[in-house]
Each structure stands twice: as structure tokens, then as C-alpha cells.
Amino acid sequence: MKPTVEQLENLLALKRDERPEEGYWQDFLCEFHQRQREQAAKESGVSALFQRFSQWLSDLGPSKWAYGAGLAYAAVTVAFFLSPKGVDVEKAPAAPVNYQVVPTPAPAVEQLDQLDLSPSTQGSAGEQVF
Amino acid sequence: MFRQSRPPDPDQDLVTRARQGDTRAFDALILKYGDKLYGLVYNMTNHKEDTHDLLQEIFARAYQSLGSFRGNSTFYTWIYQIAVNLTLNFLKKRKRRAGLSLNDPESSVQQDPALVDHTHEANPEQQTRLKELQVKLNEAMQKLSEPHRMVVTMFDIQGMSHGEIAKVLKTSEGTVRSRLHYAHLQLQSALQDSWNERF
């Protein structure tokens, strides 16, 4: 058998009376003040600035992404304008070429009109005569 | 059109003094709301040391952020929201670490001396039966998802209204009711066997 919702609620309501043991809050307060003093000592350093910034970011909620995107955009823009515009690079003088191209004489070509292509003669290439 | 007037924050004076650096005023706020926040965090984490560390963090965060508290809600609602957010973040991290499985509650939780039930001291037999049942209930609670456990803790254990829960969780009352209904069904099923044995 399942408990009814009312029975369940009554059972859960008993947990309202649960409390930490006696003296807990006195110890808690001592530790709290100790931590606050340590925190205050830390905050005098440079890290405090960063911690506050990150705290501020986390407190922003969902809009932190918009701020983050804006900051990233600004950082990229600043980096773009601050980066060197390009160094003049001297062109290296072209090395003289010591190699001279000597034209070789083209092989003699037998002129077609000087060839005897008449059917009475036998071709020099051994072609058949009909 | 008339603006609906809100009742004044009962902690206005303490908050103002704490803002001005009066640590005793903030101590008074810790003592005033400590038990409530302890109940919330403990029922969510089921771990004594984690609860202690989280409460330190919650009150430290509230103390540091007092300057940004604009009084749009009461101090209690404001610090309760801080507690809910930090607890849910902590549970997410703990899940990721996977060092502690939520399906495997700590053995110390079941008989935690840190939490003392003052209701049934006069009847030891009934107290024993109830304790056994509450062990089962704690186990069943840990099997609920975090949003469902949060709603059960706030409604059934802390006694908050649907509207208050919706405001703290920044959701609709319908969602709160729906989560509560589903969580109750889960808990009823989980307690089925134990309930048969006991009652």
C-alpha cells in the first residue's frame, strides 16, 4: 500500500524540526568572522581586482555573455589597430644567371617539294609501289 | 493606477546596519535565518560538511553583495535565492566530479547526529519506526532530480507557498505544482514497501 499524499506530506513535515546540534551556530559565526578577516587581507592584493571583476561577471546573470562578447570584440579591435602595419621587405637582387643558352642548329628537314612522290619511283622509305 | 504596496522588510534595520559595517547586525541575520537555510541546503546535499561549507559561502556571498541588495524583495527572499543558486551550482559540480553518487547516499546521512529530531523524544518506539521510515524517505529524496527535490524541500519541509517557490526559482506556479505532483508520486512509490511493513 502506498502512503497517501497527506501521509507523505506529514512525514516530510517532520523534517521541519530537524536542526543542527546545539552550539553549531556559535562555531559557525567564529569561522565566518575568521574567513572574512582572511578575505579582507587577501583583498588588499592585486587579485582583489580580478576577483571583483569575476564576481561582477557572475552576478550579471545571462547578460554576462553579451558583455563578454563585447569585451572580446573590443579586444580584437584594439589588437588589430595596435598590430604593426607590415614591414617593408627589401627585394633581394636577382642573382645573375651564368648559364648561357646556345641555340643548337635545327636538324635539316627535307623539303616536301623536293621529294619525288611520283608513283613510278620507289619510295626511299620502302613503301610499296602500285 | 495604484501601485500595490509591499509590507516593509522586517530586516530593513539589520540590513542597513550590516551595510554600514556592523558585523553584529549581520550575525543576527545569520542566527535568524541559519536554521532555515541549513534545512534547505542539508536536504539538498545530504552531506553535513558540504552543508557547512555551502552555508559559509552563502553568507559570505550575501555579506559581500549587501551593497547590491536593492530591496526589491525581502532580505530573506534575496538570501534564499543566493542559497538556492549556490546549492544547485554545487550539486552540478559534485555530479560532474562523480565522487559522490546521489543514488548512493552517505552512510552518515542516515543517522546524522548533526540533525536532531525534537518531535518524538517522549515515544521511543514510535521514534524508532519513524527514523527507519525517514531513512527510506531520505534515500527516496536523493533519487529525485534536483529541481524536484528542491520543490519538495521548499514546499513540504520548509513550508513555503507555491507562489513563494515560483518567485525564488523564477518559474511559474504551474511548473512548481507540476514538479511537486510528480515528486510526490515518486516518493509514494519509493515508500510503498516500507509503508506496508510499518502501518
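**View 1. The salt bridge between R177(B) and E173(B) in helix α9 of chain B**. R177(B) and E173(B) are 4 residues apart in helix α9 (residues 173-190) of chain B, which means that about one helical turn separates them; helices here are DSSP runs of H or I with at least four residues, strands are runs of E with at least two, and both are numbered from the N terminus. Their side chains meet in a salt bridge at 3.6 Å, N to O, where a salt bridge is a side-chain nitrogen of Lys or Arg within 4 Å of a carboxyl oxygen of Asp or Glu. R177(B) is partly exposed, with a relative accessible area of 45%, and E173(B), at 38% relative accessibility, also counts as partly exposed; buried means under 20% relative accessible area, exposed over 50%, and partly exposed in between (1.4 Å probe, protein chains only). The model shown in this and the following views is predicted, so that local features need pLDDT of at least 70 and side-chain atom pairs count only at pLDDT 80 or more, whereas totals for chains, interfaces and linings use all residues. Residues are numbered from 1 along each chain as its sequence is written, chains are lettered from A and ligands numbered from 1 in the order in which they are written, and side-chain values use heavy atoms, with hydrogens and water left out.

**View 2. Other salt bridges, within chain B and between the chains**. The structure holds 10 salt bridges over all chains, and across the interface of chain A and chain B the rule finds 2. The side chains of R19(A) and D35(B) meet in a salt bridge at 4.0 Å, N to O, with R19(A) partly exposed at a relative accessible area of 34% and D35(B) partly exposed at 29%. Within chain B, the side chains of D22(B) and R17(B) meet in a salt bridge at 3.2 Å, N to O; D22(B) counts as partly exposed at 25% relative accessibility, as does R17(B) at 32%.

**View 3. The interface of chain A and chain B**. In this interface, 31 residues of chain A are in contact with 47 residues of chain B, contact meaning heavy atoms within 4.5 Å. The two chains bury about 3800 Å² between them, 60% of it on carbon and sulfur atoms; buried area is the accessible area (1.4 Å probe) that two parts lose on being put together, summed over both. In chain A, L11(A), K15(A) and W25(A) lose the most area to chain B, together 16% of what that side buries. The rule finds 10 residue pairs in polar contact across this interface, both residues at pLDDT 80 or more; a polar contact is a pair of N or O atoms within 3.5 Å, where within protein one must be able to donate a hydrogen and the other to accept it, and residues adjacent in sequence count only if both atoms are side-chain atoms. On the side of chain A that touches chain B, α1 (5-13), β1 (19-20), α2 (24-42) and α3 (47-59) each supply at least two residues, and the largest share, 10 residues, comes from α2(A).

**View 4. Aromatic pairs**. A search of the whole structure finds 18 aromatic pairs over all chains; rings of Phe, Tyr and Trp (its six-membered ring) pair if their centres lie within 6.5 Å, and planes under 30 degrees apart count as stacked, over 60 as edge-to-face and the rest as tilted. F26(B) and F59(B) form an edge-to-face pair, 6.5 Å centre to centre with 85 degrees between the planes, and this pair links distant parts of the chain, from F26(B) in helix α2 (residues 23-45) to F59(B) in helix α3 (residues 48-64), 33 residues apart. F26(B) is buried at 1% relative accessibility, and F59(B) is buried at 1%. F75(B) and W78(B) form a tilted pair, 5.8 Å centre to centre with 45 degrees between the planes, and both lie in helix α4 (residues 75-97) of chain B, 3 residues apart.

View 5. M154(B) is buried, with a relative accessible area of 0%. Leaving aside neighbours within four places in sequence, M154(B) is in contact with residues including L40(B), Y80(B), V84(B) and L169(B). M154(B) and N43(B) are 111 residues apart in sequence and 9.7 Å apart in space, C-alpha to C-alpha.
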